[in-house]
Amino acid sequence: MANFYTEHPEIKFQLNHPLMKRIVELKERNYADKDEYDYAPQNLEDAIDNYDKVLEIAGDVCGNIIAPNAESVDAEGPSVENNRMIYASKTYENLDAVRKAGLNGVTMPRRYGGLNFPMVAYAAFNELIARADTGFQNIWSLQDCITTLYEFGDEEQRKKYVPRVCQGATMSMDLTEPDAGSDLQSVMLKATYDEANDCWRLNGCKRFITNGDSDIHLVLARSEEGTRDGRGLSMFIYDKRDGGVDVRRIENKLGIHGSPTCELVYKNAKAELCGSRKMGLIKYVMALMNGARLGIVGQSLGVSQAAYEEALAYAKDRKQFGKAIIEFPAVYDMLSLMKAKTAANRAMLYQTSRYVDIYKCLEDIERERKEVGEKLTAEERAECKKYARLADAFTPIAKGTASEYANQNTYDGIQVHGGSGFMLEYACQRLYRDARILSIYEGTTQLQVVAAIRYITNGFYKTVIEELAQEEVSAEMQPLKDKILAAAEKYYAAVDKVNDAKNDEYKDLCARHLYDMVAPIIQALLLITDASRAPELFAEDARVYARFVAIEVAKHAAFVDDTTPEDLPDYRK
């Protein structure tokens with residue numbers, strides 16, 4: 001029987017990173033739960049073993065239930081009946097399987113029925129489930145919306161909603177509208193306070209809402225009459241059991257068919273304010289989106305892994321000119337790069353997740369201490385600030401690179417299959433269709449560049465590279481590290497040229513090229529460090545990826561070197 005976790009020791013490797021000691025210590029509050037919950041860990045080794053065992057269960061569910069159902073779900077898709085969304089029939093089987101396996105409420109505290117796992121483990125679940133079925137991963141991973149409610153809602157709301165999600169209630173984040181996609185400041189869904197019933201009422205339309213007929217919704221709506229920007233928006237909780245929201249239609253999409261993308265109509269729907277008024281976009285959606293973007297990194301990684309495995313199996317089996325096509329350099333070079341890109345994305349995903357874990361845990365501890373009139377220590381505040389900034393800087397380059405690589409890997413997967421890849425009976429075409437959305441939703445790659453550019457121009461990524469360069473590597477990996485640091489020098493020179501020009505439009509023109517230099521440099525250094533610790537897992541990937549990065553950086557450096565502000569095209573003519 002297949003097990004998507006045990007078959008890939010690269011994932012388990014990430015559970016034993018040196019930062020895990022600090023993460024588990026913070027997440028478990030020095031193992032304070034061990035006397036109250038018999039399933040709470042006693043120490044670090046116990047905690048890691050717990051993650052390992054539950055991930056093994058998840059790997060079994062993914063390999064033997066979700067993955068075999070993927071083609072059926074893709075073919076059937078969801079539907080609408082009487083203004084309600086109906087999942088594909090096998091999706092209900094998937095949902096039942098993950099509930100019975102206890103794979104809900106992954107990061108939530110035990111007092112609400114959660115597993116109290118760190119983001120590192122949650123990232124692994126995302127990867128495994130996306131490897132099985134990208135569309136179903138959307139439905140399952142939206143449980144992470146509960147983190148925003150947990151962080152910004154009150155205790156009454158936590159007690160009301162968190163246990164339901166831990167028991168398997170589905171969630172959605174209702175943000176976009178027909179006239180408000182990436183520009184969420186334009187959201188106009190109206191929220192008015194109903195004094196007679198002591199609740200809020202929501203009216204309007206939402207579009208492109210993933211899993212839009214879920215049990216619990218987080219809704220961005222305009223609570224301040226007369227406003228038209230982000231300062232008039234608040235976050236609300238809508239409970240499907242209260243009624244008032246109809247599904248107008250389900251979008252007919254290119255891929256991720258199992259994931260219902262709904263257009264919703266709110267008709268005086270009852271809702272609760274989550275957190276403070278006017279902070280919906282400014283604070284809460286930003287937190288929500290950062291978590292969602294990290295989820296897309298895991299989703300992209302799962303798709304890349306699936307594309308590689310499908311292509312590898314086909315290349316070993318397909319014979320041309322008297323031998324398996326994997327023996328041809330043009331094919332095995334393509335496969336080796338698919339595998340190396342996947343390994344580089346994996347290193348980036350888990351490093352970013354570790355950064356998120358540390359600062360999120362410290363923020364949670366700070367909330368707990370405030371209730372008893374205490375604060376974080378100066379050292380804890382500094383630690384929280386450090387890792388929050390690292391997470392903020394890493395998330396956009398992780399999301400953009402992983403989603404773009406997933407698109408390229410699924411493209412290459414079809415190419416390995418040749419004409420067969422164009423036929424619907426092969427899974428590679430479904431993966432190709434599923435991957436296309438990854439660089440679009442939860443912020444396009446272009447928006448990830450916008451989020452990253454300040455860290456490029458202010459030198460923060462340079463500092464990151466220099467700190468990663470201090471990591472000791474094996475003698476075998478040192479030449480690869482030297483190659484990447486030589487590429488980094490080209491990146492530094494390109495950044496200096498753009499900064500010296502003092503021209504915002506020129507900076508915008510070069511931004512994607514700078515982004516496409518720094519992201520793989522950082523990923524390569526992370527992968528080389530992993531390869532030093534586990535050469536049997538990563539050495540070959542590090543070698544292939546380092547060569548790829550050197551070529552990519554040289555290409556983008558040449559663009560910056562060959563352009564000036566005077567070269568800017570005027571498309572407004």
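Me: How many of the residues of helix 7 (residues 145-152) are buried?

Reply: A residue counts as buried when its relative accessible area is under 20%, as exposed when it is over 50%, and as partly exposed in between (1.4 Å probe, protein chains only), while helices (H or I, at least four residues) and strands (E, at least two) are DSSP runs numbered from the N terminus. Eight of the eight residues of helix 7 are buried, so this helix is largely enclosed by the rest of the structure; they are C145, I146, T147, T148, L149, Y150, E151 and F152. This is a predicted model, in which local features need pLDDT of at least 70 and side-chain atom pairs count only at pLDDT 80 or more, whereas totals for chains, interfaces and linings use all residues. Residues are numbered from 1 along each chain as its sequence is written, and side-chain values use heavy atoms, with hydrogens and water left out.

Me: What covers the buried residues of helix 12 (residues 427-435)?

Reply: Contact means heavy atoms within 4.5 Å. The cover over the buried residues of helix 12 includes helix 3 (44-76), helix 6 (134-141), helix 9 (280-317) and helix 11. Eight of the nine residues of helix 12 are buried, so it too is largely enclosed by the rest of the structure, and charged side chains are among the buried ones, including R430, R433 and D434.

Me: Which residues have the most contacts inside the largest nonpolar core?

Reply: In soluble globular proteins, nonpolar side chains tend to be buried together. A nonpolar core is a set of buried Ala, Val, Leu, Ile, Met, Phe, Trp, Tyr and Cys residues joined through side-chain atoms within 4.5 Å. Here the largest such core has 137 residues, and those with the most contacts inside it are L202, Y461, Y491 and I522. Its largest share, 16 residues, comes from helix 16 (residues 504-533). If neighbours within four places in sequence are left aside, Y491 is in contact with I456, Y461, I465, L514, M517, V518 and I521. Apart from this core lies another, of 33 residues, among them L149, Y161, V162 and Y284.

Me: How many bridges join strand 7 to strand 6 (residues 216-222) and to strand 9 (residues 261-274)?

Reply: Two strands pair if DSSP finds at least two bridges between them. Strand 6 and strand 7 run antiparallel and are joined by seven bridges, with I216 having D239 as its bridge partner. Strand 7 and strand 9 also run antiparallel, joined by three bridges, and there M235 stands opposite C274.

Me: Where does a positive phi occur in the hairpin of strand 4 and strand 5?

Reply: Strand 4 (residues 190-194) and strand 5 (residues 199-210) pair in the antiparallel sense over five bridges, and Y193 stands opposite W200. Four residues lie between the strands in this hairpin, where D198 takes a positive phi near 50 degrees. Within strand 5, F208 has a positive phi of about 60 degrees although it is not a glycine, and F208 is partly exposed, with a relative accessible area of 45%. N82, in the loop between strand 1 (79-81) and strand 2 (84-86), likewise has a positive phi, near 55 degrees, and N82 counts as exposed at 72% relative accessibility.

Me: Which residues are closest to the centre of the second largest pocket?

Reply: On a 1 Å grid over the protein atoms alone, a pocket is an open set of points where a 1.4 Å probe fits, with protein on both sides within 12 Å along at least five of seven lines, and lining residues have an atom within 4 Å of a point. About 410 Å³ of space lies in the second largest pocket, counted as the space filled by probe spheres set on the points, which are joined across faces, edges and corners. Of its 19 lining residues, the closest to the centre are H17, Q351, Y355, L468 and E471. Helix 10 (329-370), helix 11 (378-417), helix 14 (460-468) and helix 16 each supply at least two residues of the lining. The lining divides into 10 nonpolar, three polar and six charged residues, where Ala, Val, Leu, Ile, Met, Phe, Trp, Tyr, Cys and Pro count as nonpolar, Asp, Glu, Lys and Arg as charged, and the others, Gly among them, as polar.
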